[in-house]
Amino acid sequence: MYIDFRDRLGIGTLFTTVISMLSRERDSIIYRPALPPSYPLAVRNPYLSTWMPSDQVKTLPYSEPQFWAGQSLSWSVMARIDGETYSLMNGKNAGDDILPAVVSSAEYTSAHSIFTLSAGPVTVTLDFFSPVSPFNHLRQSLPFSYLTVSLSAASSSSIQIYSSIDDRWVGKQENTDRNFQMKDTTAIFSLGINNPTLYEERDDMATWGEAIFASRSTPSSKLSFASGKCENIRSHFIKTGQLNGNDPWFPGGIVALSHDLGIVTGSQSVRFAVGYVREKAINYLGAPYTGYYRANYSGTPEAVTYFLDDYQDALRESLKLDLELSTKAKATAGQKYADIVTLSTRQAYGAIDLTIPNDSLDIDNTLAFVKELSSDGNLNTVDVIMPAFPIYYVMNPDYIRLLLEPMMRYLAAGRWREPYVIHDMGSHYPNATGHDNQQAEPMPIEECGNLMVLALAYVRATGDREWVAEYQDIMRPYADYLVDNGVEIAEQLSSNDAAGPLANETNLAIKAAVGIKAFGQLTGLTEYSRIGKERADLFFNQQLGTDQQKTHFVLQYPNKPASWKIPYNLYPDVLLDLDTFPPEVHQMSSAFFKSVRGEFGVPLDSRQDWAKSDWNMWLAATFELDTRNEFVEDLWTFMTNGKHNWPFSDRYVATSAKGASPGVPILCRARPTVGGHFALMALNGPRSLWGTVPGAMELPNTMDEEDFETQREEL
């Protein structure tokens, strides 16, 4: 649909009319492969995490993106075509005539979010591309994301493309400043706070780094730039199609880049880079760690230039990932499962910083840090790594070690003196300073069992027994803790701390049994394997953990026959072929959980009305196919129900049985634990994502936007 507003309605009337008309266009928008709650735009680490809520896609020309926690961020894109300016995203400007482009489709893949719009006679595609590169530490660690604006003009048109961001990207707008520099043909803006406090956050946004906005001129485009007052800069572009340099800076201003493509016939594209850099990214036990990429590119201009240079290779890799993932996931559990894991991919990697020491820049000392988003901001929480690990197991299991290593070094140093594994490596990101005061949140059985499973998963996947040998003496007392405390379990929290502490929780007893067996397999100490097997016999065959009819595991033992909890801790037993529990356990659960299914799946336990998507996918991986498929269907239905617009929440109301509205999220947004959705795929084996899809290795070595569009349509 092409809307001609040349009758020049009043601005207020124009805006109201346009919003109304755009809203009516929603039903005509094509959503591929499904409608998610929110689209990842630039999602690379805990501080570069920008999303577009799906309910705003219908009015994308006037909609502002959001930081993962919900703060609005200005990121505008406009196209000036034959003297008429069209807003493509977040482009309203009081006092100027800006026509809204019309959204025709919205799409996501594992690494791209793509919106197609009509701007008068030109079709425009916005491709927001955040690389996911599990084996390329340099590419994965770069704190930048691409926006490619592609044009298809049926007839010759004069076209200019504009994009801008404001200083909300730096966490707070008081006392901000901007810098500008040219690196060869690349224009680079940086926004930051004067005299920032190192490692300080505001509402989960970093405030001690710099937001980066950059683009590069090409042989077919003339690049111009400006910074200053939003209204003035946009008005100048609307009138002239160019930008005219930097005005004096004041907080609340914008930085803008524009490409003049001249007369365009056919296809053309321009590219922008957006990012957030922190030279001192993580405080690890008092020593600053920085992004891995700085071993190669210590300065931001060099890093940005390389990032733009790397586009073709990054694009090729992303197409391989898209093809492998969509094909393998669909073969594993159908198209709806593929929709789920595809949306989960950027989010699972987007809470991680891949780092090296800031002083030595030694890549042999690489550590990964993950933020517990949406709850208390803990750092390298063991029971966040645990639910997320299936995606790393499928893509690159070395991430399990990279995430555990900061804690293992801390435990080896003897600074944590409790007899069980520490819960996290710091109360709040980015301070990985441990808990020398011994005051970390206590989850004794939970974290001890998690460590055993994660360590075995890593070693089974990689064969790296040297790592086990280095830390075996550290781990053994924690295995002994499971032996000594895994039957008569004192009141304590599990990973689901929102549900409160319990004594003798059956699912924790299962975790202890599987963890003991895992340690036996990890070390070859058969006594532990025997004990783990005996514990499984106690809780299932001897029915300490089941009801009398042996229809399900109870929430607590003994004498709580009507209670239940999803026994997701059985999943590692299946994944790692430990054979701690017999197959009858899974047959029992597969039958029982059909009977307690709500409108959007099975709640965590008999006390709750809310579900955890990661644990449900863990459990589904142990089921018979028909029950497994019901769990997949329920999660897909929640993901696509249109009732919420947060980045994929892993906790939501599953049933109306207790009076709450089902299908809405609770608290959790953008958490890396969605990596647990890969539990079904992980059963195919470590690194099983790669290398077996026919034609996957035949992608061309270089690829332009037309090739990309063709390949994407084939996917």
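Leaving aside its neighbours within four places in sequence, which residues is Tyr392 in contact with? They are Ala348, Tyr349, Ile352, Pro397, Tyr399, Ile400 and Leu403, where contact means heavy atoms within 4.5 Å.

## Basis

This is a predicted model, in which local features need pLDDT of at least 70, side-chain atom pairs count only at pLDDT 80 or more, and totals for chains, interfaces and linings use all residues. Residues are numbered from 1 along each chain as its sequence is written, and side-chain values use heavy atoms, with hydrogens and water left out.

## Nonpolar cores

A nonpolar core is a set of buried Ala, Val, Leu, Ile, Met, Phe, Trp, Tyr and Cys residues joined through side-chain atoms within 4.5 Å; buried means under 20% relative accessible area with a 1.4 Å probe, protein chains only. The largest core has 201 residues, and Trp75, Leu126, Phe389, Tyr392, Met407, Phe581 and Phe593 touch the most other members. Helix H9 (residues 444-462) provides the largest share of this core, 12 residues; helices are DSSP runs of H or I, at least four residues, numbered from the N terminus.

A second, separate core holds 23 residues, including Leu142, Phe144, Tyr293 and Phe307.

## Cavities

The structure has 10 cavities of 30 Å³ or more. A cavity is a set of points, on a 1 Å grid over the protein atoms alone, where a 1.4 Å probe fits but cannot get out; its lining residues have an atom within 4 Å of a point.

The largest cavity has a volume of about 130 Å³, the space filled by probe spheres set on the points, which are joined across faces, edges and corners. Of its 15 lining residues, Asn45, Ser141, Pro143, Arg278 and Asp353 are the closest to its centre.

Terms used. Buried means under 20% relative accessible area, exposed over 50%, partly exposed in between (1.4 Å probe, protein chains only). Helices (H or I, at least four residues) and strands (E, at least two) are DSSP runs, numbered from the N terminus. On a 1 Å grid over the protein atoms alone, a cavity is a set of points where a 1.4 Å probe fits but cannot get out, and a pocket is an open set with protein on both sides within 12 Å along at least five of seven lines; lining residues have an atom within 4 Å of a point.
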